[in-house]
Structure formats: structure tokens, C-alpha cells
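Trainee: I have a structure open and want to go through it with you. Can we take it piece by piece?

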Amino acid sequence: MTKQEAKRAALRWLDEATINGAELSSEQTADYTDRMNHLLYGVVDFFAGQFRLPARHTAVQSPVQNLLPGVFSAHKILPGTPFLRTAYGAQSFYAELEGVCTLTITCGGNILFEQNIENPGGFKAVFANLPATHCAQVEFSVNAQYPTTLRWLALYPCQFFGGKVQPHTPYISYQMPDDFRELDSIVHTANGMAYQNYAHYRRESGGRILIPYDEVGQFEFIYWRSPAPLAPGAKEDTVLDIDPRAASLLPLKLAVDLTAGTEETAAISQYLNGQLASLLMAALAGERTLHTEIQPVFSAG
């Protein structure tokens with residue numbers, strides 16, 4: 001259904017809803033047509049909530065391994081008691097610190113990285129690629145001026161493009177696409193062959209899904225999406241992003257919204273809204289979930 005088709009059909013609903021079925025005047029038609037341009041996307045979005053639009057987003061998780069043991073340990077560092085760790089071949093690092101301290105990374109006595117940290121109110125992520133060096137053993141040290149907490153330290157055997165070092169956190173965060181509306185399910189495969197529904201994830205606001213760091217494989221995020229944007233000035237032949245089941249109902253909903261809120265059209269709006277409720281209930285009776293079920297299938301030998 002195009003924008004123009006939806007608007008014409010909405011006007012027909014308004015014609016039929018009048019007492020004698022008289023056509024609208026040219027002035028009324030012009031006014032309604034202008035208002036429909038601004039109301040239409042809201043109606044499209046309404047039906048995306050009734051007849052949901054499926055989408056998928058895929059991510060492959062295979063984090064670079066940390067050269068240090070003790071994957072997600074935390075350490076309290078006191079003044080006069082430096083914290084020291086060494087690793088062979090480290091070319092980048094990631095750490096989070098809370099407190100007041102000096103972080104220094106050296107190799108063969110040469111300082112590769114140094115930064116003063118003054119962040120007593122919360123953890124600060126510090127990360128960087130390290131300059132190339134012929135020295136093999138890299139030393140990571142923290143000297144605290146006041147009690148300091150270090151967590152999630154990682155030394156990596158490679159550099160990262162643009163200095164965007166891989167975060168070393170218990171969960172890896174995945175930002176869902178801009179059209180993300182609601183998560184339905186996650187399907188995981190570790191070897192490209194065996195698929196299973198995955199439930200060990202966390203959700204954050206802003207469309208972020210967190211997967212435990214130690215999970216490896218491909219994750220398919222199956223979700224319900226929002227419809228494509230529709231500006232008031234969009235061309236009349238623009239195809240509306242709706243489920244086919246909503247096509248016959250959309251003009252009716254548009255007519256309801258056009259007549260809502262004024263005394264002159266209150267009776268018409270009430271009549272149209274009753275029609276919409278009845279037709280929508282009948283259409284939703286066949287609604288089915290998108291939830292993906294993974295079931296084993298066996299054949300007789």
C-alpha cells in the first residue's frame with residue numbers, strides 16, 4: 001500500500017461514515033489530506049505494534065585472548081605497595097581503575113605508556129596500543145597515591161585498529177540496529193552446525209544486548225523492528241512499511257485519528273473506532289509469535 005492509496009481509502013471511510021454518505025467538500029478534503037501527511041507515520045507505527053515486523057542481526061564473538069591469568073579479578077592497591085604484572089609480547093592493554101594513582105608500562109626500562117589517574121568517584125577505562133619495541137617482556141605497574149582499585153586488566157598480543165582496544169569486561173556489549181523495537185530470541189551456534197536457543201544474556205537500555213565474554217560463536221538476534229521512517233513530505237507513491245495484514249485496516253485507523261478530538265466529528269470518530277476495534281480483533285486472532293524453536297530431527301536408519 002502506498003501513501004496515496006492509504007489517504008484515498010481513509011477519505012472513503014469518512015464518506016461512508018457520514019449520515020447520508022455524502023462526499024466531503026473540497027475544503028474538508030484539502031484539510032484532511034494535509035493532516036494525514038502528519039498523522040500517517042503514527043498510524044504505521046501503531047500497526048507495527050499490532051502486526052509486528054521481524055528482523056535479524058548477526059554478530060560473531062571470538063575475543064582476542066588475554067595474556068594474563070585471572071580473567072576478571074579485581075585488586076585493591078594501597079600506597080607504598082605497587083601492583084606489578086608482566087607478559088611476553090604484549091602490544092596493547094585494557095584496564096579499569098578507580099582512585100588516584102600512576103599507571104606505567106615499561107619494556108627493558110623504557111616507558112611505553114604512562115598516565116596519572118585521578119578518578120576516585122568511579123571506574124575509568126584506560127587502554128592503548130603500545131609502541132613497537134624489540135623488548136619481549138612488558139611490565140604493567142600501578143603506584144597508588146591513595147587506595148585504588150584495579151579491575152579487568154588485559155594485556156593483548158596484538159594491536160587494534162585506530163587504537164580501539166578490545167574492552168576486557170565480563171560481558172561483551174552489542175548495539176542493536178536503529179530500528180530495534182523488542183527482542184524476541186537469540187540463536188547461538190558455536191561451530192556453524194549445531195544451533196540452540198540462547199538464554200544467558202543480559203539486556204541494557206538503549207537497545208544493548210550483553211553476551212558473556214567467554215562465549216564463542218555466532219549469535220543471531222531475532223527481534224521486532226520499527227517501520228521505516230516516513231516524513232510528512234514523503235512522495236505519494238512511497239510504499240508504507242507495514243505487514244500485509246494491516247493494509248486494509250490502516251486507512252480506517254487513519255480516519256479515526258483524523259476525526260478524533262473535535263465535537264463536530266465525535267460521532268463519526270466513535271463509529272469508525274468501533275469498526276476498527278471489531279476488525280482488528282478478528283485480524284489479531286491469527287497472530288503468531290516469531291519465537292524460534294530449535295528442535296532435533298531424527299530419521300530412521
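**Going through the model**

Mentor: Start with helix α3, where Leu250, Pro251, Leu252, Lys253, Leu254, Ala255, Val256, Leu258 and Thr259 are buried. Buried means under 20% relative accessible area, exposed over 50%, and partly exposed in between, with a 1.4 Å probe and protein chains only. Helices (H or I, at least four residues) and strands (E, at least two) are DSSP runs, numbered from the N terminus.

Trainee: What kind of model is it, and how are residues numbered?

Mentor: This is a predicted model: local features need pLDDT of at least 70, side-chain atom pairs count only at pLDDT 80 or more, and totals for chains, interfaces and linings use all residues. Residues are numbered from 1 along each chain as its sequence is written, and side-chain values use heavy atoms, with hydrogens and water left out.

Trainee: Which residue other than glycine has a positive phi?

Mentor: Trp152 has one, near 60°. Trp152 lies in strand β7, residues 148–156, and is buried with a relative accessible area of 17%.

Trainee: New topic. How many disulfides does a search of the whole structure find?

Mentor: The search finds 1 disulfide, meaning a pair of cysteine sulfur atoms within 2.5 Å. Cys107 and Cys135 form it, with their sulfur atoms 2.2 Å apart. The link is left-handed, with -105° about the S-S bond.

Trainee: What does the pair tie together?

Mentor: Cys107 is in strand β4 (92–107) and Cys135 is in the loop between β5 (110–129) and β6 (137–144), so the link ties together parts that are 28 residues apart in sequence.

Trainee: Are those two cysteines buried or partly exposed?

Mentor: Cys107 is buried at 1% relative accessibility. Cys135 is partly exposed at 27%.

Trainee: And Cys158, how far is the nearest cysteine sulfur?

Mentor: Cys158 is in no disulfide, and the nearest cysteine sulfur, that of Cys107, is 16 Å away. Cys158 is partly exposed, with a relative accessible area of 24%.

Trainee: How many bridges join β8 to β12?

Mentor: There are 5 bridges between β8 and β12, residues 208–212. Tyr171 stands opposite Pro212 in β12.

Trainee: Last one. At what angle do α1 and α4 pack?

Mentor: Helix α1 (3–17) and helix α4 (266–284) pack at about 115°, with their axes 10 Å apart. Axes are lines fitted to C-alpha atoms, for helices over the stretch in contact, and angles run from 0 to 180 degrees between N-to-C directions.

Trainee: Which residues meet there?

Mentor: Trp13, Leu14 and Ala17 in α1 meet Ile268, Tyr271, Leu272 and Gln275 in α4, where contact means heavy atoms within 4.5 Å.

Note on methods:
Two strands pair if DSSP finds at least two bridges between them.
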